[in-house]
Amino acid sequence: MKKPLFILAILIFISGCAARDIPAWRLASFNLLESYKKSFLEGRTELAQVYFQKALEEIKKGGDLEVLARAHLTRSALAVAVLEQPPEDDYRGVEAAWPMPANANYLLLLKGDFSRVDKSLLPVQYQEFLTSARGISEGQLDEILGGIADPLSRLVALGLAVRHLNASENILLTAVETSSRQGWKRPLLVYLSALKTFYESRGEMEKARLVERRLMLIR
């Protein structure tokens, strides 16, 4: 019972309207995007794509370009979480018709363009990370990343750190543990592979061998 109520609360917050005014397409698209995220992170790629396309269909019923833009940014954020280049073409198409500074600012973060990001426009969970990305010590960065409460936001920030900052052992281990704890197989395999490469680059072959064994057992 708690989950439906939580979803409803989120929808009310996003739409800024009373519960009785939430249209069916908005509720359906939210649930489909949640299913898309779960399937993507669990490594069920084809199913994830089906959920994403259905979510877009629901959003387009209402013609709400703000929600459509955020759906495409969700896709970009998930790509960052698994160390891939964030797609932006579909988002750019929406932005051309409906420019939103906060959305454009978030994409700058996802692209690792930290110097151009406006901290005040970022979701709060990324603000301290942005400060660290602009020149804080490695130890503090590790602590900040590990302290992000939401697992998916933490994984996105970890992906940004690995791609654009210093992929330290602690950062990679935090990414592995975050993925493992949530049952997110796709990023788990990605970060274990990155950890193996990290150990190999430092000549720590025994650690690399143990990571490789773990990869073989869970693939």
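In this predicted model, H2 passes H3 in a left-handed crossing, a term used where the near helix is turned anticlockwise from the far one by less than a right angle. The contact is made by residues of H2, including Trp25, Leu32, Tyr36 and Phe40, and by residues of H3, including Leu47, Tyr51, Phe52 and Ile59, contact meaning heavy atoms within 4.5 Å.

**Basis of the values**
- This is a predicted model, in which local features need pLDDT of at least 70 and side-chain atom pairs count only at pLDDT 80 or more, while totals for chains, interfaces and linings use all residues.
- Residues are numbered from 1 along each chain as its sequence is written, and side-chain values use heavy atoms, with hydrogens and water left out.

**The H2–H3 pair**
- Helix H2 (residues 24–42) and helix H3 (residues 45–62) pack at an angle of about 160 degrees, their axes being 8 Å apart.
- H2 and H3 are therefore roughly antiparallel to each other, the term for angles over 145 degrees.
- By class, the contact of H2 with H3 has 12 nonpolar, 4 polar and 3 charged residues.

**The whole chain**
- The secondary structure of the protein chain comes to 12 helices and 0 strands, where helices are DSSP runs (H or I) of at least four residues and strands (E) of at least two.
- Of the 219 residues in the protein chain, 42% are buried, that is, under 20% relative accessible area with a 1.4 Å probe.
- Among contacts in the protein chain between residues at least 6 apart in sequence, 50% join residues at least 24 apart.

Methods. Axes fitted to C-alpha atoms, helices over the stretch in contact; angles between N-to-C directions. Parallel < 35°, antiparallel > 145°, perpendicular 65-115°, else oblique. Nonpolar A, V, L, I, M, F, W, Y, C, P; charged D, E, K, R; others polar. Buried < 20%, exposed > 50% of the residue type's maximum accessible area, 1.4 Å probe, protein only.
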